[in-house]
Amino acid sequence: MRVTADATALVAEFPPDEDVPAVLDVLMEGRRTVSFPATAATTTVAAAGGRRITFAWPTPLAQALSGRATLLVRDAADKRPLGTAEVAFGSSDDPLDLRDAAGRWLSVNKWGRLAPSFDGLDPAAAVALQDRLLDRLAQLQAELESLGIEPFVCYGTLLGAVRDGDLIPHDDDADLAYLSRHENPADVVWENLRLSRALTARGYSVIRHSGGHLQITFTDPDAGQDHYIDIFTAFRVEGLTYLCFQVGDEALDLREREQISLRGRSYPAPADSEALLAATYGPGWRVPDPSFTFTTPPRVRARLSTWIGEFNMARDYWQDFYQSPGVDRVPATESTFAGWVAERLPDGAGVLDVGTGTARDARFFARSGRRVLGLDYSSAAIERAQGLAGAEEWSADFRVLNLGDLTAIGNLVADLDWSAGWHLYARFLLHAIDDTARSNLWTLAGAVARRGGECWFEFRTSEDQDAPHVFGEHFRRYLSPDQVAEELAEHGMEVVERLHSQDLAPYKDENPWVARLRVRSSA
């Protein structure tokens, strides 16, 4: 097989007598970097009568390709090498390097993102990480059992255990689930919230991805975030068994347990593990497929979204952004909006910087002597901001806050020291969040306004929708100032100062249409 590639695509030419495997792995510099089903490639007839398949690199990978690399294409099922090539991506003569700051080779995962996986580590490091992960899995299992929860392994952890007795090489975490004792979805969510609070009280770092999905993160003193374990909720409603976020099956019964071996260790699993795997991955679950992506049935997704909610809108995009070199393109100096607000803020007012991002404006307010609390739902942004404040020796607090989770808003309001005289500051946030998160933001803004603080917003407006954007296209919801003012009024607030034009936030060749609002309580 002949292999060629450039920065946009891979081309593999198969001779007439060679079959095209169902799934292919692409290794770069000896590391599996992306896998794809042959059906995802464009197939044409090669000059010699064989088949030519062209696979366009996923965008995150294409954006990262720079340097020279040895490519190997292999059959994903039996690891049989099919062809190799020496490739130059761009003009750089340096070896291609897709490692993150911790030295882990990144590959395209099942969500289409570049992320570390077990097979991106050196073998000894991979074994050590997997052992730590399994130690924590047993620890968390015992913790849940002490809280009256009966966990079992699920998703990729169950798949690897049933198929190979081991973790899946291209995975990066472990998965637990539990069957709720409730059938009413409201009770299921309340039970999950109590579990989240209980684990937090016991010292665990808990991220709520929905009302039925918790993620427990574990850190290493030298490398930062080391690994994580997901906890998914299963429940039965109206004759169907659901498992967040993927499964809704009438015949599935998750009430009984058996023990299953995972790398010589024993963990609880459903008595009919194969039924759960078929419901999760389809009838072909026994065949390894690193290219697998979840496609939740629309009926299941609609019900789970309505009952359980989703707190994750675009979080992966921002996590990747704040961990990428692209974040350095954001100016380090404060925005013009921060200067505009500073001229109007009363002396001594504290600043709640919601959507703090790179913390450029948090730093500006902190260095002017104000008390600052920076909030963002990207943990990568918060870690970066904390490191920046420490390195530059200025004082501000930072906290992860997910605006999609109304409970998190309530916890923040309860925890705040209101003697700081907080004002709420949100630059380029409103257009970056969905309707649910924006509604929850109004709840937080209302709490600030009722206590005498003002709220300051700058956001892209509908006139900016079709304009080119320096940072490319990702989720943005373009709003009119009138719509925002109406929503604020419904929450007991009024706009007392308003600007709407270009020339307020120019950046390089981009001069967006934005609105600036100064808001206070209408009471």
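This is a predicted model: local features need pLDDT of at least 70, side-chain atom pairs count only at pLDDT 80 or more; totals for chains, interfaces and linings use all residues.
1. **Helix 4, length.** Helix 4 covers residues 185-201. Its 17 residues, at 1.5 Å a residue, should span 24 Å, and the end C-alpha atoms are 24 Å apart, so expectation and model agree.

2. **Helix 4, ends.** At the start, a side-chain oxygen of Asn184 comes to within 2.8 Å of the backbone nitrogen of Ala186. Just after the helix, Gly203 has a positive phi of about 95 degrees.

3. **Helix 4, buried residues.** Pro185, Val188, Leu193, Leu195 and Leu199 are among the buried residues. The buried set also includes Glu191, Asn192 and Ser196.

4. **Aromatic pairs.** The structure holds 31 of them. One is Phe55 with Trp57: the ring centres lie 6.2 Å apart and the planes stand at 90 degrees, so this pair is edge-to-face. Both Phe55 and Trp57 are buried.

5. **Trp57 and Phe89.** Trp57 also pairs edge-to-face with Phe89, at 6.5 Å centre to centre and 75 degrees between the planes. This pair links distant parts of the chain, 32 residues apart. Trp57 is in the loop between strand 6 (51-56) and helix 1 (59-64), while Phe89 belongs to strand 8 (residues 81-89). Trp57 counts as buried because its relative accessibility is 5%. Phe89 is buried too, at 0%.

6. **Ring cluster.** Ring pairs join Trp111, Tyr155, Phe232, Phe245, Tyr281, Phe292 and Phe294 into a cluster.

7. **Arginines over rings.** Arg329 lies over the face of Phe471, 4.5 Å from the ring centre. Arg427 has its charged end over the ring of Phe428, 4.1 Å from the centre.

Methods:
Residues are numbered from 1 along each chain as its sequence is written. Side-chain values use heavy atoms; hydrogens and water are left out. Helices (H or I, at least four residues) and strands (E, at least two) are DSSP runs, numbered from the N terminus. The expected span of a helix is 1.5 Å times one less than its number of residues. Buried means under 20% relative accessible area, exposed over 50%, partly exposed in between (1.4 Å probe, protein chains only). A polar contact is a pair of N or O atoms within 3.5 Å; within protein, one must be able to donate a hydrogen and the other to accept it, and residues adjacent in sequence count only if both atoms are side-chain atoms. Rings of Phe, Tyr and Trp (its six-membered ring) pair if their centres lie within 6.5 Å; planes under 30 degrees apart count as stacked, over 60 as edge-to-face and the rest as tilted. A charge sits over a ring if NZ of Lys or CZ of Arg is within 6 Å of the ring centre and within 35 degrees of the ring normal.
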